[in-house]
Amino acid sequence: MIFFNFSRIFKLKGITKPFSYLVNNGYSAGYATKLTNDRVQEINLERLEKFCKDFNCTPNDILDFRPNTKDNLTKDHALHTLTKPEISNEIIGKINAMSAEKIQQIHDIIKNME
């Protein structure tokens with residue numbers, strides 16, 4: 001089954017309060033609730049494009065695929081490229097536990113990637 005996985009983007013971006021973040025960035029409260037709770041069943045292309053621009057991502061970053069047991073797809077089927085691993089908040093905890101010096105090193109690495 002293909003579904004929208006907006007919560008994955010929020011976790012990747014380190015957004016711990018996605019509802020507030022979305023409302024503060026111009027999304028209506030009702031739509032922010034749907035996005036935050038992954039209750040979007042369909043999305044028009046204009047809204048999809050806005051989200052992708054706002055979060056610097058592509059539609060493939062938002063779409064996720066979980067095969068049903070009834071699916072007889074081969075392991076190399078193209079839909080499997082949409083399957084994404086779960087994202088935990090583990091990285092935030094690790095960063096918070098690091099010394100300021102190590103965080104600065106990570107900052108410097110990321111800065112040099114631009």
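## Rings, core and confidence

F4, F6, F10, Y21, F51 and F55 are linked into a cluster by ring pairs. Two rings of Phe, Tyr or Trp (its six-membered ring) pair when their centres lie within 6.5 Å; planes under 30 degrees apart make the pair stacked, over 60 edge-to-face, and the rest tilted. Keep in mind that this is a predicted model, where local features need pLDDT of at least 70 and side-chain atom pairs count only at pLDDT 80 or more, while totals for chains, interfaces and linings use all residues. Residue numbers start from 1 along each chain as its sequence is written, and side-chain values use heavy atoms, leaving out hydrogens and water.

**Aromatic pairs**
- The structure has seven aromatic pairs.
- Y27 and Y31 are stacked, because their ring centres are 6.5 Å apart and their planes sit at 10°.
- F51 and F55 are a stacked pair too, with 4.3 Å from centre to centre and 25° between the planes.
- Both of these Phe residues, F51 and F55, belong to helix 4 and are four residues apart, about one turn of the helix. Helices here are DSSP runs (H or I, at least four residues), numbered from the N terminus.

- Y27 has 7% relative accessibility, so it counts as buried (buried is under 20% relative accessible area, exposed over 50%, partly exposed in between, with a 1.4 Å probe and protein chains only).
- Y31 counts as buried because its relative accessibility is 10%.
- F51 and F55 are both buried.

**Charges over rings**
- The charged end of R47 sits over the ring of Y31, 3.9 Å from its centre. To qualify, NZ of Lys or CZ of Arg must be within 6 Å of the ring centre and within 35 degrees of the ring normal.
- K50 lies over the face of Y27, 4.5 Å from the ring centre.

**The nonpolar core**
- The largest nonpolar core has 18 residues, and F6, L35, F51, F55 and I62 touch the most other members. Such a core is a set of buried Ala, Val, Leu, Ile, Met, Phe, Trp, Tyr and Cys residues joined through side-chain atoms within 4.5 Å.
- Helix 1 (6-12), helix 3 (29-36) and helix 4 (45-55) each give two or more residues to this core.
- Helix 4 supplies the largest share of this core, four residues.

**Confidence**
- The mean pLDDT (the predictor's confidence in each residue, from 0 to 100) of the protein is 90, and 98% of its residues reach 70 or more.
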